[in-house]
Amino acid sequence: MMQLPRPRIGQPIAELSTPLPLVDEDRLAANIARVQDYMDDHGLAFRPHIKTHKIPAIAAEQVKAGAKGINCQKITEAEVFADAGFEDLLITFNILGPEKLKRLVPLNARISGLKVVADSETTIRGLSAAFAAERPLSVLVECDTGGGRCGVQSPEAAIALAETIAAAPGLTFGGILTYPKANSEEAVEAFFATTREGLATRGLPCPIVSNGGTPSLFSAHKVPSATEHRAGTYVYNDRAMARAGHCSLDDCAMSILATVVSRPTEDCAILDAGSKALTSDLLGFSDYGLIVEYPDAIISGLSEEHGTVDLSKVQGRRPEIGEKVRIIPNHTCVVSNLFDLMTFHRDGIVTRVEDVAARGLVW
């Protein structure tokens, strides 16, 4: 298969072929430092979620800044980061089925700090059957504290499942975990505190109490029972995070460079970036990204390869055919999974190019 030319270090981004994602080095570094400083100030361990970038070099920057380990979502992601030398890996997904467990066992054997989650006895039985007592697997109970995804529904259920894990051959109880609804710190703390008290009464140590999410990031200190916080999107930030007040648009490190390929009418422009470059995720927006150079323009529709831009609200100069623009995506995490390469720049000059090593690894 023919490979696209790799951007060259020192090349101006204006010369790059589009569409392609760009990451601003200074904004990236500032995002990493800002969050790590906050966690350090509040005595919380920080575990970045690598699903946002899927790049070992960025995870290494996060760990160098002070992160205690990393969070992966699937086994194949974790394998890539284990290959890159990371030892403290948490996989926050129920792992079921012999084909996946066959991969999980050797992963646990070759790194020192693998941890997974479970929210049912079915998952625990499968894990226990696959693992031996001489190399046990650490398992955290996933709790639903209001996020409405996976997780046991009450502290009592969490305690019962923790006892099941502790009694299961080949497993050790590692703690409790949640991915909460944003702005629900009081409910999360109540769930965690009640669960920890019940575990202590039964003589079960709970070494990890893991809270999560970029939307809840700067409220992490309001959950004093938590020992660590997990977040992913913060490293790049995106339009949705800016709308939520988590950051400003100037904190968004990722943009998608695109070219205007057609101006079929006065009020319409067509970009070479469609759903395969920007994603169709709306996340509550009515359009598909913010054009930095023309903030009043509206990316009103996406087909696979084309982005349709409504220019009717743009006063003054409008983009011309051949002009390149940068787009802040609604949801940066999905964009990472659409490209093989990520191009980094400082002041518009390419500084490095990284393979998106865990791209497409959703198994």
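I began with the exposure of Arg 125, and found that Arg 125 counts as exposed because its relative accessibility is 52%, where exposed means over 50% relative accessible area, buried under 20% and partly exposed in between, with a 1.4 Å probe and protein chains only. This is a predicted model, in which local features need pLDDT of at least 70 and side-chain atom pairs count only at pLDDT 80 or more, while totals for chains, interfaces and linings use all residues. Residues are numbered from 1 along each chain as its sequence is written, and side-chain values use heavy atoms, with hydrogens and water left out.

I then looked up the partner of Arg 125, and its side chain meets that of Glu 121 in a salt bridge at 3.9 Å, N to O (a side-chain nitrogen of Lys or Arg within 4 Å of a carboxyl oxygen of Asp or Glu). Both residues lie in helix 5, residues 121–130, and they are 4 residues apart, about one turn of the helix; helices (H or I, at least four residues) and strands (E, at least two) are DSSP runs numbered from the N terminus. Glu 121 is partly exposed, with a relative accessible area of 44%.

Next I turned to Arg 239, which forms a salt bridge with Asp 287, the closest N and O atoms being 2.9 Å apart. This pair links distant parts of the chain, since Arg 239 sits in helix 8 (239–243) and Asp 287 in the loop between helix 9 (275–278) and strand 12 (290–291), 48 residues apart. Are these two residues buried or exposed? I noted that Arg 239 is buried at 12% relative accessible area, and that Asp 287 is buried at 7%.

I also recorded that the structure holds 24 salt bridges, and that Arg 47, Lys 68, Asp 88, Lys 115 and Glu 228 are linked in a network of salt bridges.

Last, I looked at the nonpolar cores (sets of buried Ala, Val, Leu, Ile, Met, Phe, Trp, Tyr and Cys residues joined through side-chain atoms within 4.5 Å). The largest has 89 residues, and those with the most contacts inside it are Leu 104, Val 141 and Tyr 236. Domain 1 (13–22 + 247–355) and domain 2 (42–236) both give residues to this core, so it lies between them; the domain bounds come from an automatic or database domain assignment. Apart from this core lies another, of 7 residues, including Ile 13 and Leu 22. Leaving aside residues up to four places away in sequence, I found that Leu 104 touches, among others, Ile 75, Val 116 and Phe 131, contact meaning heavy atoms within 4.5 Å.
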